[in-house]
Amino acid sequence: MNRRRFLGIGVSALGAGALAAVAAPSAARLFAAGQPGRLLTSELDLPEAFRIPLPVPPVLQPVRTDGTTDYYEITQQVAELEILPGVKTQAWTYGGSFPGPTVVTRAGRTAVVKHRNELPVPSVTHLHGGHTPADSDGYPVDLLLPVGSATDADQRTAGTAGMSGMPGTPGATGTHGTPGTHEMHGMPGMRAAAGRNVVGERSYTYPGKQRAATLWYHDHRMGFTGPGVWRGLAGFHLVHDDAEDALPLPRGERDLPLMIADRSFAADGSFRYPAVDPSLADPGVTGPYANGVLGDVLLVNGAPWPRLDVDRARYRLRLLNASNARPYRLELDPQPAGGGALVQIGSDGGLLAAPVAHDGIQIAPAERFDVVVDFSRYEPGTQVRLVNRLGSDRTAEVMRFDVSSKPVKDDAMVPDKLVAVEALDPAAAVTTRDFAFRRSRGDGWTVNGDPYQPGRSIAAPALGTVERWRFSSDLHHPVHVHLDHFQVIGRNGGDPGPFDAGWKDTVDLRPAEAVEVLVRFTDYAGTYMLHCHNLEHEDMAMMADFTVR
């Protein structure tokens with residue numbers, strides 16, 4: 001791939017903590033106001049909002065259980081789905097649906113999820129927010145090759161030619177995290193390094209050593225996470241525990257996972273995506289979309305602008321932003337009398353110590369917010385829209401709740417105190433590390449000035465120790481850390497923001513911002529990652545390894 005073509009519009013190097021001026025007018029439009037992404041419009045007529053009932057992803061049942069472990073199986077496969085009414089869309093799916101089936105596990109029990117790859121491309125599955133051993137974390141070059149692919153020995157013989165006829169597969173092979181000797185399809189600084197590759201099936205082991213939380217799983221293949229997730233490779237993974245079960249929170253049909261994602265569609269109904277190489281042999285997007293791809297169709301659980309009939313009762317909404325690059329500010333319209341419609345009870349890493357009432361919630365890609373909405377605050381028959389204040393036209397609306405008039409019983413409530421949450425002590429930090437997320441001339445998206453190279457660790461924290469990590473941004477970057485959650489202790493030298501409470505695994509960095517977090521890695525040594533969760537930034541090298549020792 002031509003380096004200039006891959007990087008798109010060039011920009012001057014951006015100084016630490018400040019958004020530098022952008023010289024070219026086209027680049028200025030690309031990075032206007034520091035907001036991520038460029039809108040990719042659909043090529044067919046879009047459906048009217050609030051006509052399709054909200055689908056709820058099916059819960060995956062274990063194929064067997066024993067005294068300590070539940071075993072699940074998921075087949076990754078191509079499926080023809082009716083996402084837009086009357087239109088067929090070919091998707092890459094977990095189990096034939098988008099979103100994939102919801103995996104429900106319990107803290108203290110091990111879950112083993114076996115994935116079988118019947119897609120036309122390799123895959124890597126990452127449990128986002130999962131506290132997992134390194135070999136089950138979804139390291140981006142630990143490929144699960146499609147059924148019937150060449151063996152590792154065959155690939156070594158092939159060298160840089162890669163797998164014949166298979167799009168998007170790096171060529172040279174080696175050991176986990178060991179750089180190869182050839183550039184990966186011309187991507188600056190990214191070398192073709194195959195990891196622990198297997199053919200056909202791979203089992204991921206999740207020991208369950210974590211609190212109840214709303215997690216999700218998605219494709220994490222190096223250079224191709226953006227198109228993989230865009231085409232459908234995403235699903236919920238919910239963890240429950242005794243502390244959560246003891247609370248009188250909404251449950252059953254009033255506990256709803258809501259995956260919010262924007263997409264665009266071609267005239268034939270296929271997913272439209274601005275890949276620099278439509279065959280996906282080379283990674284990256286065309287220049288105007290280097291800062292992220294925004295779709296003009298908002299999907300909730302895979303349905304465009306759906307509606308849901310709700311009782312005049314409390315509902316738990318597990319909000320997930322599964323968009324590639326689009327941030328949202330979610331509000332209910334109309335607001336109930338007195339405001340505070342969205343009562344936050346949980347964050348990425350589980351329940352908060354106490355609830356926090358919001359009029360609106362700003363949610364970046366990969367973040368999760370568990371909120372309780374009391375629809376009894378509305379009159380029967382009220383139509384309550386979930387809106388996006390950061391959107392415009394059709395992207396300003398997300399879904400609608402239609403409040404029923406039938407009498408119902410509601411025993412749920414939100415206690416003033418939820419669960420005990422350990423507060424990490426800043427004085428206990430043994431070191432401070434700085435991570436600068438920047439776009440630089442010639443090297444695209446970088447962490448600490450370098451594009452990603454598998455096997456090159458930029459930090460080596462010790463198990464059990466508390467560290468202070470400082471993230472700084474030029475533009476908008478949602479920063480995700482693997483293995484363990486962290487606690488935000490400050491923004492720009494001040495207090496944490498209104499949406500920083502609790503244990504987080506993804507923190508929203510706005511343009512020219514600095515955020516400080518405390519993190520402590522536990523249980524598992526090995527190589528893990530931190531990266532931007534704008535998937536176009538991630539695919540274009542805004543990742544870094546760290547090794548827990």
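User: In this predicted model, are Y94 and Y217 buried or exposed?

Analyst: Both Y94 and Y217 are buried.

User: Why is the aromatic pair of Y94 and Y217 called tilted?

Analyst: The planes of Y94 and Y217 stand at 55°. Planes under 30 degrees apart count as stacked and those over 60 as edge-to-face, so an angle of 55° leaves the class tilted. The centre-to-centre value of 4.8 Å lies within the 6.5 Å limit for a pair.

User: What parts does the pair of Y94 and Y217 tie together?

Analyst: Y94 belongs to strand β4 (residues 89-94) and Y217 to strand β11 (residues 213-219), so the pair links parts that are 123 residues apart in sequence.

User: What makes F375 and Y378 a tilted pair?

Analyst: Their ring centres are 6.3 Å apart, within the 6.5 Å limit, and their planes meet at 35°, between 30 and 60 degrees; the pair is therefore tilted.

User: Why is F375 counted as buried, and why Y378?

Analyst: Buried means under 20% relative accessible area. F375 has 0%, so F375 is buried; Y378 has 4%, so Y378 is buried as well.

User: Why does R400 count as buried?

Analyst: R400, in strand β25 (residues 397-403), has a relative accessibility of 14%, which is under 20% and therefore counts as buried.

User: How do you know that the side chains of R400 and D402 make a polar contact?

Analyst: The computed distance between them is 2.7 Å, which lies within the 3.5 Å cut-off.

Terms used: Residues numbered from 1 in each chain as written. Predicted model: local features only at pLDDT ≥ 70, side-chain atom pairs only at ≥ 80, totals over all residues. Heavy atoms only, no water. Helix = DSSP H or I, 4+ residues; strand = E, 2+ residues; numbered from the N terminus. Buried < 20%, exposed > 50% of the residue type's maximum accessible area, 1.4 Å probe, protein only. Polar contact = N/O pair within 3.5 Å; in protein donor to acceptor, adjacent residues only side chain to side chain. Phe/Tyr/Trp six-rings, centres within 6.5 Å; stacked < 30°, edge-to-face > 60°.
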